[in-house]
Amino acid sequence: MPFLIKNEKKIKSSEITPEKTYLNRRTLIKSLGILSAYTPVSSVLAENDKINQASLTFEKNSKFSTTETVNSFEEITTYNNFYEFGVGKSDPYRYSRNFKPKPWTVSVTGEAENTGTFAYEDIVASNQLEERIYRLRCVEAWSMVVPWVGISLMDFIKKLKPNSKAKYVVFESVFRPNEMPGQKRRILDWPYVEGLTIDEAMHPLAFLAVGLYGRELTNQNGAPLRLVVPWKYGFKSIKSIVNISFEEQQPKTTWNLAAPNEYGFFANVNPEVNHPRWSQARERRIGSGLFGAKQPTLMFNGYADEVSGLYRNLDLRKNF
Ligand code: MTE
(Lines give C-alpha, C1' and ligand atoms only; values in the text may rest on other atoms or scores of the structure.)
Protein backbone atom coordinates (compact mmCIF):
# COMPACT_ATOMS: atom_id res chain seq x y z
CA MET A 1 0.00 0.00 0.00
CA PRO A 2 1.64 3.25 -1.12
CA PHE A 3 0.20 5.44 1.62
CA LEU A 4 2.26 7.73 3.82
CA ILE A 5 2.25 7.36 7.58
CA LYS A 6 2.22 10.48 9.77
CA ASN A 7 1.27 10.24 13.38
CA GLU A 8 2.52 13.25 15.32
CA LYS A 9 0.02 14.89 17.73
CA LYS A 10 -2.47 12.09 18.15
CA ILE A 11 -4.96 11.99 20.98
CA LYS A 12 -6.73 9.04 22.53
CA SER A 13 -10.49 8.86 22.21
CA SER A 14 -10.67 8.88 26.03
CA GLU A 15 -9.40 12.49 25.92
CA ILE A 16 -12.21 13.87 23.79
CA THR A 17 -14.83 16.27 25.16
CA PRO A 18 -17.13 14.37 27.51
CA GLU A 19 -20.27 13.31 25.71
CA LYS A 20 -22.49 14.96 28.31
CA THR A 21 -21.44 18.42 27.14
CA TYR A 22 -22.94 17.53 23.77
CA LEU A 23 -26.23 16.55 25.24
CA ASN A 24 -27.55 19.61 27.10
CA ARG A 25 -30.47 20.29 24.80
CA ARG A 26 -31.55 16.69 24.70
CA THR A 27 -31.35 16.25 28.46
CA LEU A 28 -33.48 19.35 28.94
CA ILE A 29 -36.14 17.98 26.60
CA LYS A 30 -36.12 14.65 28.45
CA SER A 31 -36.30 16.27 31.88
CA LEU A 32 -39.33 18.23 30.74
CA GLY A 33 -40.94 14.89 29.98
CA ILE A 34 -41.40 15.63 26.29
CA LEU A 35 -41.06 12.49 24.23
CA SER A 36 -38.80 12.72 21.22
CA ALA A 37 -40.49 12.23 17.87
CA TYR A 38 -37.71 9.76 17.20
CA THR A 39 -37.83 7.77 20.41
CA PRO A 40 -34.81 5.47 20.26
CA VAL A 41 -35.12 1.71 20.14
CA SER A 42 -33.25 1.31 23.43
CA SER A 43 -30.80 3.73 24.98
CA VAL A 44 -29.24 0.98 27.12
CA LEU A 45 -28.57 -1.19 24.09
CA ALA A 46 -27.20 1.77 22.16
CA GLU A 47 -24.76 2.57 24.99
CA ASN A 48 -23.59 -1.06 25.00
CA ASP A 49 -23.05 -0.88 21.28
CA LYS A 50 -20.83 2.14 21.77
CA ILE A 51 -18.63 0.39 24.32
CA ASN A 52 -18.33 -2.61 22.01
CA GLN A 53 -16.90 -0.55 19.15
CA ALA A 54 -13.07 -0.37 19.10
CA SER A 55 -11.72 3.08 19.97
CA LEU A 56 -9.68 5.04 17.43
CA THR A 57 -6.74 7.41 17.79
CA PHE A 58 -7.16 10.69 15.95
CA GLU A 59 -6.65 14.45 15.85
CA LYS A 60 -9.49 16.93 16.15
CA ASN A 61 -9.94 19.11 13.10
CA SER A 62 -11.60 22.21 14.50
CA LYS A 63 -11.13 24.13 11.24
CA PHE A 64 -13.61 21.83 9.51
CA SER A 65 -15.97 21.31 12.47
CA THR A 66 -19.25 22.98 13.32
CA THR A 67 -19.72 24.14 16.91
CA GLU A 68 -23.41 23.19 16.88
CA THR A 69 -24.69 20.73 19.49
CA VAL A 70 -23.73 17.21 18.51
CA ASN A 71 -26.42 14.52 18.38
CA SER A 72 -26.12 11.67 20.87
CA PHE A 73 -24.57 8.33 19.91
CA GLU A 74 -27.98 6.80 20.45
CA GLU A 75 -29.69 9.18 17.99
CA ILE A 76 -26.97 8.78 15.38
CA THR A 77 -27.06 4.98 15.55
CA THR A 78 -30.79 4.27 15.85
CA TYR A 79 -32.30 6.66 13.27
CA ASN A 80 -30.73 5.72 9.95
CA ASN A 81 -31.16 5.29 6.25
CA PHE A 82 -29.47 2.13 5.01
CA TYR A 83 -31.87 0.40 2.67
CA GLU A 84 -29.70 -2.71 2.51
CA PHE A 85 -31.14 -3.44 5.97
CA GLY A 86 -34.70 -2.25 5.29
CA VAL A 87 -36.53 1.02 4.67
CA GLY A 88 -37.62 1.78 8.27
CA LYS A 89 -35.52 4.24 10.28
CA SER A 90 -34.78 1.67 12.99
CA ASP A 91 -34.27 -1.24 10.55
CA PRO A 92 -30.51 -0.62 10.14
CA TYR A 93 -30.13 -0.68 13.93
CA ARG A 94 -32.29 -3.79 14.32
CA TYR A 95 -31.21 -5.86 11.36
CA SER A 96 -27.50 -5.16 10.88
CA ARG A 97 -26.27 -7.38 13.73
CA ASN A 98 -25.19 -10.21 11.40
CA PHE A 99 -23.24 -7.95 9.07
CA LYS A 100 -19.48 -8.60 9.21
CA PRO A 101 -17.41 -5.49 8.42
CA LYS A 102 -14.16 -7.38 9.00
CA PRO A 103 -12.18 -8.58 7.16
CA TRP A 104 -12.70 -5.81 4.59
CA THR A 105 -10.96 -4.69 1.44
CA VAL A 106 -11.56 -1.77 -0.92
CA SER A 107 -10.67 -2.20 -4.57
CA VAL A 108 -9.55 0.80 -6.57
CA THR A 109 -10.10 0.57 -10.32
CA GLY A 110 -10.14 2.72 -13.45
CA GLU A 111 -8.17 5.78 -14.47
CA ALA A 112 -5.46 5.89 -11.80
CA GLU A 113 -1.87 4.78 -11.37
CA ASN A 114 -2.24 3.04 -8.01
CA THR A 115 -5.14 0.70 -8.60
CA GLY A 116 -5.46 -2.54 -6.62
CA THR A 117 -7.04 -4.00 -3.52
CA PHE A 118 -6.37 -2.41 -0.13
CA ALA A 119 -7.11 -3.83 3.31
CA TYR A 120 -9.19 -1.66 5.65
CA GLU A 121 -6.47 -1.89 8.33
CA ASP A 122 -3.82 -0.62 5.90
CA ILE A 123 -6.01 2.33 4.88
CA VAL A 124 -6.50 3.31 8.53
CA ALA A 125 -2.86 2.77 9.53
CA SER A 126 -1.48 4.69 6.55
CA ASN A 127 -3.60 7.80 6.84
CA GLN A 128 -4.04 10.61 9.32
CA LEU A 129 -7.29 10.04 11.22
CA GLU A 130 -9.20 13.22 12.15
CA GLU A 131 -12.41 14.04 13.95
CA ARG A 132 -14.67 16.38 11.96
CA ILE A 133 -18.05 17.46 13.30
CA TYR A 134 -20.30 17.80 10.27
CA ARG A 135 -24.01 18.40 9.76
CA LEU A 136 -25.75 15.63 7.81
CA ARG A 137 -28.82 16.96 5.96
CA CYS A 138 -31.08 14.23 4.59
CA VAL A 139 -33.22 14.86 1.51
CA GLU A 140 -36.17 13.89 3.74
CA ALA A 141 -35.77 17.28 5.53
CA TRP A 142 -34.17 16.09 8.77
CA SER A 143 -30.65 16.71 9.93
CA MET A 144 -28.18 15.76 12.61
CA VAL A 145 -24.70 16.73 13.72
CA VAL A 146 -22.19 13.91 13.84
CA PRO A 147 -18.64 13.72 15.25
CA TRP A 148 -17.13 11.63 12.46
CA VAL A 149 -13.63 10.16 12.56
CA GLY A 150 -11.99 9.51 9.23
CA ILE A 151 -9.63 10.45 6.45
CA SER A 152 -9.51 13.39 4.07
CA LEU A 153 -10.79 12.00 0.75
CA MET A 154 -8.47 14.40 -1.07
CA ASP A 155 -5.39 12.98 0.71
CA PHE A 156 -6.56 9.44 0.02
CA ILE A 157 -7.16 10.13 -3.68
CA LYS A 158 -3.82 11.91 -4.15
CA LYS A 159 -2.01 8.73 -3.17
CA LEU A 160 -3.98 6.76 -5.77
CA LYS A 161 -2.74 9.16 -8.50
CA PRO A 162 -5.74 9.49 -10.85
CA ASN A 163 -4.80 10.37 -14.45
CA SER A 164 -6.19 13.16 -16.64
CA LYS A 165 -9.07 10.96 -17.88
CA ALA A 166 -10.44 10.66 -14.33
CA LYS A 167 -13.39 13.09 -14.41
CA TYR A 168 -15.60 11.25 -11.89
CA VAL A 169 -15.09 9.11 -8.80
CA VAL A 170 -17.59 6.29 -8.46
CA PHE A 171 -18.26 4.49 -5.16
CA GLU A 172 -19.98 1.13 -4.75
CA SER A 173 -21.41 -0.44 -1.58
CA VAL A 174 -21.09 -4.09 -0.69
CA PHE A 175 -23.63 -6.63 -1.98
CA ARG A 176 -24.25 -9.36 0.62
CA PRO A 177 -27.91 -10.40 0.66
CA ASN A 178 -27.18 -13.08 3.25
CA GLU A 179 -26.05 -10.42 5.75
CA MET A 180 -28.19 -7.53 4.49
CA PRO A 181 -31.85 -8.56 4.51
CA GLY A 182 -33.02 -5.51 2.53
CA GLN A 183 -30.98 -6.74 -0.45
CA LYS A 184 -33.19 -9.82 -0.73
CA ARG A 185 -35.80 -7.46 -2.18
CA ARG A 186 -35.31 -5.14 -5.14
CA ILE A 187 -36.07 -1.98 -3.17
CA LEU A 188 -33.19 -0.38 -5.06
CA ASP A 189 -30.97 -1.52 -7.89
CA TRP A 190 -28.18 -3.22 -5.87
CA PRO A 191 -25.37 -2.62 -5.27
CA TYR A 192 -25.86 1.00 -4.15
CA VAL A 193 -23.71 3.33 -6.31
CA GLU A 194 -22.82 6.99 -5.86
CA GLY A 195 -20.49 9.38 -7.65
CA LEU A 196 -18.78 12.74 -7.41
CA THR A 197 -16.95 14.84 -9.96
CA ILE A 198 -13.21 14.64 -9.40
CA ASP A 199 -13.24 18.28 -8.24
CA GLU A 200 -15.90 17.54 -5.64
CA ALA A 201 -14.01 14.48 -4.46
CA MET A 202 -10.79 16.52 -4.19
CA HIS A 203 -12.48 19.25 -2.14
CA PRO A 204 -10.92 19.46 1.35
CA LEU A 205 -14.33 18.95 3.03
CA ALA A 206 -14.99 15.55 1.41
CA PHE A 207 -14.35 12.82 3.95
CA LEU A 208 -14.05 9.04 4.24
CA ALA A 209 -15.43 8.15 7.67
CA VAL A 210 -14.26 5.06 9.55
CA GLY A 211 -15.71 6.04 12.93
CA LEU A 212 -17.97 8.23 15.03
CA TYR A 213 -17.80 9.34 18.64
CA GLY A 214 -14.15 8.27 18.71
CA ARG A 215 -14.94 4.65 17.89
CA GLU A 216 -15.16 2.49 14.79
CA LEU A 217 -18.37 2.88 12.77
CA THR A 218 -21.36 0.79 13.75
CA ASN A 219 -22.79 -1.42 11.02
CA GLN A 220 -25.89 0.76 10.65
CA ASN A 221 -23.78 3.86 9.98
CA GLY A 222 -21.83 2.21 7.15
CA ALA A 223 -19.06 0.12 8.68
CA PRO A 224 -16.28 -0.09 8.10
CA LEU A 225 -15.84 2.80 5.66
CA ARG A 226 -18.28 5.35 4.19
CA LEU A 227 -18.31 8.64 2.37
CA VAL A 228 -19.35 11.92 4.06
CA VAL A 229 -19.98 14.89 1.76
CA PRO A 230 -21.38 17.52 4.12
CA TRP A 231 -22.67 20.01 1.53
CA LYS A 232 -24.80 17.39 -0.27
CA TYR A 233 -27.97 15.55 0.69
CA GLY A 234 -27.24 12.50 2.84
CA PHE A 235 -27.90 9.98 0.08
CA LYS A 236 -24.57 10.94 -1.54
CA SER A 237 -22.79 9.72 1.59
CA ILE A 238 -22.59 6.08 0.52
CA LYS A 239 -21.95 3.42 3.15
CA SER A 240 -19.87 0.21 3.41
CA ILE A 241 -17.77 0.98 0.33
CA VAL A 242 -16.04 -1.91 -1.47
CA ASN A 243 -15.06 -0.26 -4.75
CA ILE A 244 -13.77 3.16 -5.77
CA SER A 245 -13.39 3.73 -9.48
CA PHE A 246 -11.98 6.66 -11.45
CA GLU A 247 -14.10 7.16 -14.57
CA GLU A 248 -14.27 9.38 -17.63
CA GLN A 249 -18.09 9.34 -17.87
CA GLN A 250 -20.66 10.49 -15.33
CA PRO A 251 -21.93 7.34 -13.57
CA LYS A 252 -25.53 6.23 -13.21
CA THR A 253 -26.19 6.54 -9.51
CA THR A 254 -28.70 4.52 -7.50
CA TRP A 255 -31.16 7.24 -6.49
CA ASN A 256 -30.91 9.00 -9.83
CA LEU A 257 -31.83 5.71 -11.55
CA ALA A 258 -34.65 5.04 -9.06
CA ALA A 259 -36.33 8.47 -9.44
CA PRO A 260 -34.54 10.82 -11.87
CA ASN A 261 -37.00 13.69 -11.33
CA GLU A 262 -36.47 13.57 -7.55
CA TYR A 263 -32.77 12.85 -7.10
CA GLY A 264 -30.25 14.54 -9.37
CA PHE A 265 -26.61 13.59 -9.79
CA PHE A 266 -25.37 16.70 -7.96
CA ALA A 267 -27.76 16.56 -4.97
CA ASN A 268 -26.38 19.76 -3.45
CA VAL A 269 -28.37 20.96 -0.47
CA ASN A 270 -30.43 23.78 -1.97
CA PRO A 271 -33.38 25.16 0.03
CA GLU A 272 -34.65 26.89 -3.14
CA VAL A 273 -35.14 23.68 -5.10
CA ASN A 274 -37.92 21.67 -3.53
CA HIS A 275 -38.17 17.93 -3.73
CA PRO A 276 -41.18 17.32 -6.06
CA ARG A 277 -43.17 15.99 -3.09
CA TRP A 278 -42.08 18.30 -0.25
CA SER A 279 -40.31 21.54 0.61
CA GLN A 280 -36.59 21.69 1.22
CA ALA A 281 -36.73 25.13 2.87
CA ARG A 282 -36.63 23.87 6.47
CA GLU A 283 -35.38 20.86 8.38
CA ARG A 284 -36.03 19.07 11.65
CA ARG A 285 -32.98 18.44 13.82
CA ILE A 286 -33.12 14.87 15.11
CA GLY A 287 -33.47 14.95 18.91
CA SER A 288 -35.35 18.25 18.98
CA GLY A 289 -38.54 16.43 19.98
CA LEU A 290 -42.04 16.15 18.68
CA PHE A 291 -42.64 19.87 19.06
CA GLY A 292 -39.15 21.01 18.16
CA ALA A 293 -39.16 23.97 15.80
CA LYS A 294 -37.93 23.33 12.29
CA GLN A 295 -34.89 25.35 11.34
CA PRO A 296 -34.14 26.98 7.99
CA THR A 297 -32.04 24.88 5.66
CA LEU A 298 -28.90 26.64 4.50
CA MET A 299 -27.52 26.65 0.98
CA PHE A 300 -24.98 23.83 0.63
CA ASN A 301 -25.97 22.84 4.18
CA GLY A 302 -24.06 25.86 5.53
CA TYR A 303 -20.85 25.16 3.58
CA ALA A 304 -21.53 27.69 0.77
CA ASP A 305 -18.41 29.79 1.42
CA GLU A 306 -16.23 26.74 0.98
CA VAL A 307 -17.90 24.95 -1.95
CA SER A 308 -19.96 27.34 -4.10
CA GLY A 309 -16.93 27.95 -6.35
CA LEU A 310 -17.19 24.34 -7.52
CA TYR A 311 -20.53 25.16 -9.20
CA ARG A 312 -19.79 28.63 -10.57
CA ASN A 313 -20.81 27.66 -14.11
CA LEU A 314 -23.73 25.40 -13.27
CA ASP A 315 -27.43 26.22 -13.11
CA LEU A 316 -28.21 24.65 -9.75
CA ARG A 317 -31.94 24.49 -10.51
CA LYS A 318 -31.36 22.32 -13.55
CA ASN A 319 -28.44 20.45 -11.99
CA PHE A 320 -30.21 19.61 -8.74
N1 MTE B 1 -25.59 4.09 1.61
C2 MTE B 1 -26.08 2.87 1.27
N3 MTE B 1 -25.24 1.92 0.85
N4 MTE B 1 -27.41 2.59 1.35
C5 MTE B 1 -28.32 3.53 1.75
O6 MTE B 1 -29.53 3.23 1.79
N7 MTE B 1 -28.69 5.85 2.49
C8 MTE B 1 -28.20 7.22 2.31
C9 MTE B 1 -26.76 7.38 2.84
N10 MTE B 1 -25.93 6.27 2.42
C11 MTE B 1 -27.84 4.83 2.10
C12 MTE B 1 -26.43 5.06 2.04
C13 MTE B 1 -29.06 8.21 2.94
S14 MTE B 1 -30.55 8.49 2.16
C15 MTE B 1 -28.69 8.94 4.03
S16 MTE B 1 -29.66 10.23 4.61
C17 MTE B 1 -27.45 8.63 4.77
O18 MTE B 1 -26.80 7.46 4.26
C19 MTE B 1 -27.78 8.39 6.23
O20 MTE B 1 -26.62 8.17 6.98
P21 MTE B 1 -26.77 7.80 8.52
O22 MTE B 1 -27.74 6.66 8.60
O23 MTE B 1 -25.40 7.41 9.01
O24 MTE B 1 -27.30 9.01 9.20
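The model described here is a predicted one. About 480 Å³ of space lies in this largest pocket. Among the elements of the fold, strand β6, which spans residues 142–152, gives the most to the lining of the largest pocket, contributing four residues. Sorted by class, the lining of the largest pocket holds 19 nonpolar residues, together with six polar and six charged ones.

What takes up the space of the largest pocket? The ligand does: the space taken by the ligand is the largest pocket. Around the ligand stand 15 residues, and the closest of them are Asn 80, Tyr 83, Glu 84, Arg 226 and Lys 239. Divided by class, the shell around the ligand has six nonpolar, six polar and three charged residues.

An oxygen atom of the ligand lies 2.8 Å from a polar atom in the side chain of Asn 80. Tyr 83 takes part through its backbone: a polar backbone atom of Tyr 83 is 2.8 Å from an oxygen atom of the ligand. On its own, the ligand has 540 Å² of accessible area, and the protein covers 98% of it.

Next come the cavities. Rolling a probe the size of a water molecule over the atoms shows where empty space is left. How many cavities of 30 Å³ or more does the structure hold? There are two cavities of 30 Å³ or more. The second largest cavity contains about 40 Å³ of space. Its lining consists of Arg 135, Leu 136, Arg 137, Val 228, Val 229, Pro 230, Lys 232, Ser 237 and Asn 301. Strand β5, residues 130–137, provides the largest share of the lining of the second largest cavity, namely three residues. Four residues in the lining of the second largest cavity are nonpolar, two are polar and three are charged.

Finally, a few features of the backbone deserve a look. Which form does the peptide bond from Lys 102 to Pro 103 take, cis or trans? The bond from Lys 102 to Pro 103 is cis, with omega near -5°. Pro 103 belongs to the loop between α4 (91–95) and β3 (105–110). Ala 223 and Pro 224 are also joined by a cis peptide bond, and here omega is about 0°. Pro 224 has its place in the loop between β10 (215–216) and β11 (226–228).

Lys 161 is not a glycine, although its phi is positive, at about 55°. Lys 161 is found in the loop between α6 (153–160) and β7 (168–173).

Definitions and conventions: Residues numbered from 1 in each chain as written. Predicted model: local features only at pLDDT ≥ 70, side-chain atom pairs only at ≥ 80, totals over all residues. Heavy atoms only, no water. Near = heavy atom within 4 Å. Polar contact = N/O pair within 3.5 Å; in protein donor to acceptor, adjacent residues only side chain to side chain. Areas by Shrake-Rupley, 256 points an atom, 1.4 Å probe, with all protein chains shown as cover. 1 Å grid on protein atoms, 1.4 Å probe; cavity = no way out; pocket = protein on both sides within 12 Å on 5 of 7 lines; lining within 4 Å. Sits in = over half its atoms within 2 Å of the grid points. Nonpolar A, V, L, I, M, F, W, Y, C, P; charged D, E, K, R; others polar. Points joined across faces, edges and corners; volume = space filled by probe spheres on them. Helix = DSSP H or I, 4+ residues; strand = E, 2+ residues; numbered from the N terminus.
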